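This briefing covers the charged pairs and the nonpolar packing of the structure shown below. Please consult the sequence and the coordinates alongside the text.

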Amino acid sequence: HPSTGNTIGNYHPCILDDSFTPAGDFSFTAQQRYTNTANNGIIGFVLGAQDSENYYFIQQFTTQNAVTLYRRSGASFNLLLQTSVTDPVVNQWYEVRVEMTGTTFNYYVDGDLKLAHNDPAYVPGRIGLLSYHQSVNEYDDVVVTGDLVATSGSYESNALDVGSLQG
């Protein structure tokens with residue numbers, strides 16, 4: 001997993017379409033769960049993405065007992081904050097939410113605040129869901145509210161509802 005100053009080149013988040021780029025304060029909520037954790041599964045969010053190498057992410061590992069907030073700048077991953085939490089349980093749904101107010105990150109799991117941090121360098125950008133380390137994750141009830149670039153319309157994706165893939 002990323003650590004301060006680490007230069008991992010294959011850490012790729014799923015970033016949503018430009019039409020879901022927050023222009024100001026917003027809330028991003030999703031039901032998330034692991035169904036298989038072959039190697040330290042991760043759930044979380046991507047925030048403030050300017051491109052594929054410059055963004056923030058909040059992640060929770062299955063075996064780390066922590067929630068972490070990182071800023072990726074090029075090839076460097078900079079740990080901004082880590083807080084202790086109970087590891088997620090495989091196959092259990094969690095409601096995870098991040099609220100952005102100005103430059104302040106507030107991350108909640110099942111309604112409980114788990115991480116709060118202010119980073120004056122934060123610039124609004126694209127958002128997305130996070131999964132990594134060969135875990136199999138599922139997402140449901142993904143909701144983004146607040147000051148978005150797209151002020152009307154909706155987005156639907158079968159990718160969020162595929163369940164198990166058939167080979």
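**Salt bridges and nonpolar cores**

Asp119 has a relative accessibility of 7% and therefore counts as buried, where buried means under 20% relative accessible area, exposed over 50%, and partly exposed in between (1.4 Å probe, protein chains only). The model is predicted, so local features need pLDDT of at least 70 and side-chain atom pairs count only at pLDDT 80 or more, while totals for chains, interfaces and linings use all residues. Residues are numbered from 1 along each chain as its sequence is written, and side-chain values use heavy atoms, with hydrogens and water left out.

**Salt bridges**

- The whole structure contains 3 salt bridges, each defined as a side-chain nitrogen of Lys or Arg within 4 Å of a carboxyl oxygen of Asp or Glu.
- Asp119 is joined to Arg71 by a salt bridge of 2.6 Å, N to O.
- This pair connects distant parts of the chain, 48 residues apart: Asp119 is in the loop between β9 (112–118) and β10, and Arg71 is in strand β5. Strands (E, at least two residues) are DSSP runs, numbered from the N terminus.
- Arg71, with a relative accessible area of 23%, is partly exposed.
- A salt bridge also joins the side chains of Arg33 and Glu138 (2.6 Å, N to O).
- Arg33 belongs to strand β2 and Glu138 to strand β11, so that the pair links parts of the chain 105 residues apart.
- Both Arg33 and Glu138 are buried.
- Glu99 and Arg97 form a salt bridge in which the closest N and O atoms are 2.9 Å apart.
- Glu99 is partly exposed at 25% relative accessibility, whereas Arg97 is buried at 18%.

**Nonpolar cores**

- The largest nonpolar core has 25 residues, of which Phe28, Phe45, Leu47, Ile58, Phe105 and Tyr107 touch the most other members. Such a core is a set of buried Ala, Val, Leu, Ile, Met, Phe, Trp, Tyr and Cys residues joined through side-chain atoms within 4.5 Å.
- At least two residues of this core come from each of several strands, including β2 (22–37), β3 (42–51), β4 (54–61) and β5 (66–73).
- Ile58 is in contact (heavy atoms within 4.5 Å) with residues including Phe45, Leu47, Val67, Leu69, Val98, Phe105 and Tyr107, leaving aside residues up to four places away in sequence.

**Strand β11**

- Asp140 is in strand β11 (residues 135–148) and is partly exposed, with a relative accessible area of 32%.
- Asp140 and Gln32 are 108 residues apart in sequence, yet their C-alpha atoms are 6.6 Å apart in space.

Definitions and conventions
Helices (H or I, at least four residues) and strands (E, at least two) are DSSP runs, numbered from the N terminus.
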